[in-house]
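Got your viewer open and a selection box ready? Load the model below, and we'll walk through it stop by stop.

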Amino acid sequence: MKSKLNILYIMVAVSTISALLLTTVNELSRDVIKRNQERKLKSAVLDVLNISYDDENPEISYNAKVTTKQIGDETLYFSQYQGIEKKAIDGIALILKGPGFWGPISIIVGISPDDFSIKGIEILEQLETDRKSVV
């Protein structure tokens, strides 16, 4: 009986220490995670709007060539021609969300305002399983 209690104490101690370590690492890396998520979103916006950028620093192209407009809870992203004349909208990107089988799916779509054709699509979030077809 005493050995079973010792095992229980050890399991509780290991679980507690693990939980504390994971919480500490999560708190220490919160800013880095947030910055990486923002960088991923900015890169996806640039990709779907067909704007070239430096992989190491997409913020430069994003800040120079993309403007945003908040409509309710949604954000629209606009790319603009960068000519001497007045700036005209070259593309519009928006995030679309919907339910998937295993969890939410979030994509970003770039649209050309001239003919409403799709300029690009990127998957931002999905939890679906990767099923390979067998031939």
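The tour starts with the whole chain and then moves to single elements and residues.

First, some ground rules: this is a predicted model, where local features need pLDDT of at least 70, side-chain atom pairs count only at pLDDT 80 or more, and totals for chains, interfaces and linings use all residues. Residues are numbered from 1 along each chain as its sequence is written, and side-chain values use heavy atoms, with hydrogens and water left out.

**Whole chain**

Show the cartoon. You'll find two helices and five strands, in the order α-α-β-β-β-β-β from the N terminus. Helices (H or I, at least four residues) and strands (E, at least two) are DSSP runs, numbered from the N terminus. The radius of gyration is 23 Å, well over the 14 Å that the globule rule gives for 135 residues, so the chain is more spread out than a compact globule. That radius is taken over C-alpha atoms, and the rule is 2.2 Å times the number of residues to the power 0.38. Along the principal axes, the C-alpha atoms fill a box of roughly 85 × 45 × 35 Å. Buried residues make up 19% of the 135; buried means under 20% relative accessible area, exposed over 50%, and partly exposed in between (1.4 Å probe, protein chains only).

**Helix H1**

Select residues 2-48 for H1, and pick out Tyr9 there. Tyr9 is exposed, at 53% relative accessibility. Next, color Glu27 and Arg30: their side chains meet in a salt bridge (2.4 Å, N to O). A salt bridge here is a side-chain nitrogen of Lys or Arg within 4 Å of a carboxyl oxygen of Asp or Glu. The two residues sit three apart in H1, about one helical turn.

**Helix H2**

Now select residues 58-65. Which residues of H2 are buried? They are Pro58, Glu59, Ser61 and Tyr62. These cover an arc of only 165 degrees around the axis, which puts them on the same side of H2; the arc is that of the directions from the helix axis to the C-beta atoms. Turn to the face away from that buried side and you'll see the exposed residues Ile60 and Asn63. The cover over the buried residues includes H1, strand S1 (66-71) and strand S2 (74-80).

Arg39 lies in H1 and Glu59 in H2, so the pair ties together parts that are 20 residues apart in sequence.

**Strands**

Select Asp90 and Lys119 for another salt bridge, with the closest N and O atoms 3.5 Å apart. This one links S3 (residues 89-99) to S5 across 29 residues. Then jump to Ser106 in S4 (residues 104-111). Is Ser106 buried or exposed? Ser106 is buried, at a relative accessible area of 6%. Leaving out residues up to four places away in sequence, Ser106 touches Ile95, Leu96, Lys97, Ile123, Leu124 and Glu125, where contact means heavy atoms within 4.5 Å.

**Two loop residues**

Most residues other than glycine have a negative phi. Asn50, in the loop between H1 and H2, has a positive phi of about 55 degrees. Finish on Phe116, in the loop between S4 and S5 (118-125), where phi is positive at about 60 degrees. Phe116 is exposed, at 67% relative accessible area.
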